Amino acid sequence: MSAHLTRDDVAKVALLARLELTDAELDTYTGQLAAVIDHAADVAALDLADIPPTAHPLPLVNVLRDDVIRPGANRDEVLSQAPSVEDRRFRVPAILGEEP
Amino acid sequence: MASIPTTAIEIAAAVRSGELSAREVLESHLDAIEAREPEINAFNLVLADEARAAATAIDERVAAGEDPGVLAGVPLALKDNLCTHGIPTTCSSRILEGWRPPYDATVVQRVAAAGAIAIGKTNLDEFAMGSSTENSAFGPTRNPRDLSRVPGGSSGGSAAAVAAGFAPISLGSDTGGSIRQPAALCGVVGVKPTYGMVSRYGLVAFASSLDQIGPFSTTVADSALLLEAIAGHDPRDSTSINAAAPSLLDVLDQGVAGLRIGLVTELMGEGIAPDVAARVRQAAEALAAAGAEIGEVSIPALSYGLSAYYLIAPAEASSNLARYDGVRYGMRVDAATTAEMNTKTRTAGFGDEVKRRIMLGTYALSAGYYDAYYGKALKVRTLIMRDFETAYKDFDLLLTPTSPTTAFRFGEKTSDPLSMYLNDICTIPTNLAGHPAMSVPFGAGSDGMPVGVQLMAPALAEPTMFRAAAVLEDAAPPLEEAFQ
Amino acid sequence: MTLNLTHEPIEGEHFTITSENTGDVWEIVVGLEVHCELATVTKLFCGCPNMFGDEPNTNVCPVCLGLPGSLPVLNHQVVELAMRLGRALHCSVEPSVFARKNYFYPDMPKDYQVSQFDRPINVDGWLDLPDGTRVGIERAHIEEDTGKNTHAGGSGRIHGADYSLVDYNRAGVPLVEIVGRPHIRHPEQAKMYIDELRAILLATGASDAKMEEGSLRVDANVSVRRVGDPELGKRCEIKNLNSLRSLGRAIDYEARRQVDLLEEGIAIRQETRHWDEGAGRTRPGRSKEEAEDYRYFQEPDLVPLEPSAEWIAAIDAALPVLPAQRRAILAEAAGVGATESGVVMAVQRGLDGLALAAIDQGGEGRRVLTHVEHNLAVDGAGSLDPKHLAELVGLELAGQLTATQAKTVLAEMVSSGSSPAAIATELGFEAMDSSELEAMIDAIIAESPDEWSSFRDADEKRHAKLQGFFVGKVMKVSKGQADGKAVTAILESRRNASS
């Protein structure tokens, strides 16, 4: 049920999280994260098939707001915080995605 | 010049009555900051000019016959993960350096509306991830009681600011103990309210289902005052409880006669320093002497608390911290493509502990591991809540240490993250359950450093918790008194 | 590699591709995923205007920009409209939760999308197409839209663009994603499904459903299998379908492509493909540089949604009569099948109320529908007095007006509002007597001997065309007073006599 976390696992999650690790960092993090994951082996080993998950401590439901316009942010103030802006839009380097 | 009182209640009373001006109160605190801040480093930013303008405005209102509110003229320090309009909010991270939010957090609005003077933004472990404030990108904060020791964390700056007399009160945030543990280590009062009692709007998220804002102060009454001012429903936070703020100041003198208070077996044995455990027993005796019934209670699921927490909190954090991508605000390290830019920015902008938790959380949520880790942790959360429910059938409050040890020295635990995480063993369970808890100073440990005892209560039972805290405050041995 | 494939015409539910090489008969299987923007005043989680076409980055706030510390609060009207749509699609409304779908993309301010994953609000419904097919709806869930990237430099397209500019006005606009089951069997049916869905979206007020403005977006999951094969084939998801025309063409192309590959013995790779309208083909999406792992988990900043039975009942009570039901009602009144084009068109044009009233006033059903289908695709048709339409049909059936005259009278009825009898009199319409008509036709035949001999010897296909030539001439000479049916009958009798 619980697995020992490997260097490959760390490399994979770093990629998913958009973090770059040097080889040395990869080794260090693998050791540190594996220690935490090993500590969590007690939890991973529990048989909790009949226990419902609790994602949230509050029993609240249906918190809704009215469909009414409220003042937003000042565009210039927002754009002034951006690393790069052009034509009142946020400028980013080329996007290599999957859209044509 | 009249001598400046040390508590928020006294200051507000004096300012409201015109006995003291907000301005002279502020200057005395700015003097204290000037004297000791260089060695303590409690602040990322001291807002001297803004505070002076705000204090002057308070004084003008008093002069005009207005009442500026329950916190009139009280200097207050804000953890630097609370958004302040137009004022840098860094979370002690390079990635947010220079960011000026276009809005105020709800608590920032509320303390300002109550007349408080924001005196500065306090240091923290980067994005509130840590237990020593050593993870700040802007250098560690030092414990005002002993500069060779950590102040605890993550709200180390807010705790140290109060302990050093830079401000009588401050605000921090508590995800797994980040208010209570530094309060204990610095010898001040710190409160984590019931989840949902204080709006999280404008608190930069670490782990959304666990984060809660709360007060620091030198007295129990000041924390009651500040919590009353910031609590209450906020329509901008879906997880805000739809109820009025509790009355706390009014119940402080009601004592604990007849209250059933349980010592938690699992948090009194292995892993807890003997001097700390002894202080907790002494606190129990003090409560018994005041008329409470003391018993022992076992909460078996607590043994899984730490593991569950260190899966849930990083999982949520890994998602909450995705937005620091160099596109809209904060730092950017440029590159040829957006994906590379994201990666380079995050790699340069986040510190080690943040990276560790992001990766841990990403792992716990990733395909193939979700059920074994994150999914299991959510079920453990259910077990912990059930065990608490059982315990609270027999007890009104629970009593534990706040931290397993007194303040440790710099660098002692930085190379071994797990040993650092073990610091949170006593504080984590209430975050998982969403319950309130607070740390009250109760004498010194064998090293002469402050010990904090923790009171835990069921959801929304803050009034009961504060009654017991007031009794402990009265019974606490002076810090100067050597540990026997 | 080319295979000769022919599309069989649509016959009921079966539309197949027959390989001329192997003789195998293939069936197309399509499931559509539709994203539609809900017609709310404000966005899903904040009070910014939900408005198309405003100046860039004007409808933004800390919440929809995903600024640190901001928190979402769910818009009541989003839930209302999503449930309205769900109930109109015969879904069951369930307690639901929001989840975060984690992936990096610059148009997504939080680098996760708030959506619904394992517990969506609407599940398990269906939609009846005008051709009688019932298409299952797996789910219709709520999620947030992204901002918009404009690619600058290079070609202006994403590949080869030097950089992009991001506008977050659309970020956080409420969407419902409607996931249809793979019950669609041909391109026309896919288009019909979208038309029907659009009619439902409009009727319920859930969305303005404009494909050209992107408020309705369609992805098609296309697979093929040999007829009779119970297993579904490997599917490809086709994106970038910006019009109904693209949708039909893309499905057609993609199905042929897949049959091509399978007949060559090449397995279909499950992938996302993009429709290139200019080239008329689908292309594989650029493969992502990292594996997809969305790491869904419950959104901790929002609480669960549990609409009360009372709320759902109120929505049911207020639902308008929907297109399928309207078709059934009209078909019954007119005494025709619900899949007949007159019925379908009447409902599509919103003229079923007029048709029903005209039938109620004694108008003959089929004739009323013919007018609605062919002669009333005009502005103002809806304000026509149904009594007048019934009277018009009566005059026609009594032989007092030809079909052509009736059409002219009808146009005048729409513009003037007068009664058909009055208009007919004013225009001097009366049906020509048959000897007059026969003489006219004989004269026309004599004028066009070449055309006549072609017509006489024509095969079936050319026959219709040449008949049209002669009918047109007669109509021109008679100034539209000749009855089309009578003309055809006379032409045929002359043709039979001379061959």
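The radius of gyration is taken over C-alpha atoms, and the globule rule is 2.2 Å times the number of residues to the power 0.38. By that rule a compact globule of 100 residues would have a radius near 13 Å, but chain A has 22 Å.

This is a predicted model: local features need pLDDT of at least 70, side-chain atom pairs count only at pLDDT 80 or more, and totals for chains, interfaces and linings use all residues. Residues are numbered from 1 along each chain as its sequence is written.

**Chain A.** Chain A has four helices and three strands. Helices (H or I, at least four residues) and strands (E, at least two) are DSSP runs, numbered from the N terminus. Their order from the N terminus is α-α-α-β-α-β-β. Some overall values of chain A follow.

| Property of chain A | Value |
|---|---|
| Box of the C-alpha atoms along the principal axes | roughly 50 × 45 × 30 Å |
| Distance between the mean positions of 9 positive (Lys, Arg) and 18 negative (Asp, Glu) charges | 13 Å |

**R279(B).** This residue lies in helix α8 (residues 274-289) of chain B. R279(B) is buried, with a relative accessible area of 3%. Leaving out residues up to four places away in sequence, R279(B) touches (heavy atoms within 4.5 Å) several residues, including F442(B), V451(B), P477(B) and F483(B). P477(B) is 198 residues from R279(B) in sequence, yet their C-alpha atoms are 9.5 Å apart. The side chains of R279(B) and Q282(B) are joined by a polar contact of 2.8 Å. Such a contact is a pair of N or O atoms within 3.5 Å; within protein, one must be able to donate a hydrogen and the other to accept it, and residues adjacent in sequence count only if both atoms are side-chain atoms.

Key:
Chains lettered and ligands numbered in written order. Heavy atoms only, no water. Charge placed at Lys NZ, Arg CZ, Asp CG, Glu CD. Buried < 20%, exposed > 50% of the residue type's maximum accessible area, 1.4 Å probe, protein only.
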